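Q: Let us read this structure feature by feature. Please give the general idea before each case.

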Amino acid sequence: KAKEGKLAPADMIGGTFTISNLGMFGVKNFAAIVNPPQAAILAVGAARVEVVKKEDGTGYEEASVMNVTLSCDHRVIDGADGATWLGAFKGFMEDPVTMLL
C-alpha cells in the first residue's frame with residue numbers, strides 16, 4: 001500500500017516508533033521529523049568506509065561507519081532516555097551478536 005501511495009490515516013494509527021532510511025539513496029545523515037502519534041523516529045544514513053584512529057591509539061585503520069539521528073517527542077520521551085537508547089543501539093550495531101544474548 002505504501003509503495004502505491006494508498007495509505008490511509010487509519011493504516012498509520014497506533015505506531016510508536018519509525019525508522020527512516022535515506023542511506024539507501026546515498027544520504028550521509030539527516031534529521032527526520034516525528035509525526036504524531038509516533039514517539040520517536042530514527043534517521044538512518046548511508047554506511048561508508050572511513051579512516052579512523054585505532055582504539056589502542058597506535059595508528060589508523062579503515063572502518064565502516066554510519067550516521068543515525070534520533071528525534072524524540074519530548075512530551076513522551078525524555079532526551080536522556082533517548083540518549084541511553086542510542087547508546088544501546090550503537091553497541092548492537094558495533095557488535096551485533098550481543099542482540100542474541
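A: Start with the polar contact: a pair of N or O atoms within 3.5 Å; within protein, one must be able to donate a hydrogen and the other to accept it, and residues adjacent in sequence count only if both atoms are side-chain atoms. Here, the side chains of Q38 and T18 are joined by one of 2.8 Å. This is a predicted model: local features need pLDDT of at least 70, side-chain atom pairs count only at pLDDT 80 or more, and totals for chains, interfaces and linings use all residues. Residues are numbered from 1 along each chain as its sequence is written, and side-chain values use heavy atoms, with hydrogens and water left out.

Q: Is Q38 buried or exposed?

A: Buried means under 20% relative accessible area, exposed over 50%, partly exposed in between (1.4 Å probe, protein chains only). Q38 has 11%, so Q38 is buried.

Q: Which residues does Q38 touch?

A: Contact means heavy atoms within 4.5 Å. Not counting residues up to four places away in sequence, Q38 touches G15, T16, F17, T18 and D73.

Q: What about D73?

A: D73 is buried because its relative accessibility is 13%. The D73 side chain makes a polar contact of 2.8 Å with the side chain of R75.

Q: Where is F92 found?

A: Helices (H or I, at least four residues) and strands (E, at least two) are DSSP runs, numbered from the N terminus. F92 sits in helix α1, residues 79-94. F92 counts as partly exposed because its relative accessibility is 32%.

Q: What caps the N-terminal end of α1?

A: D78 does, with a side-chain oxygen 3.1 Å from the backbone nitrogen of A80.
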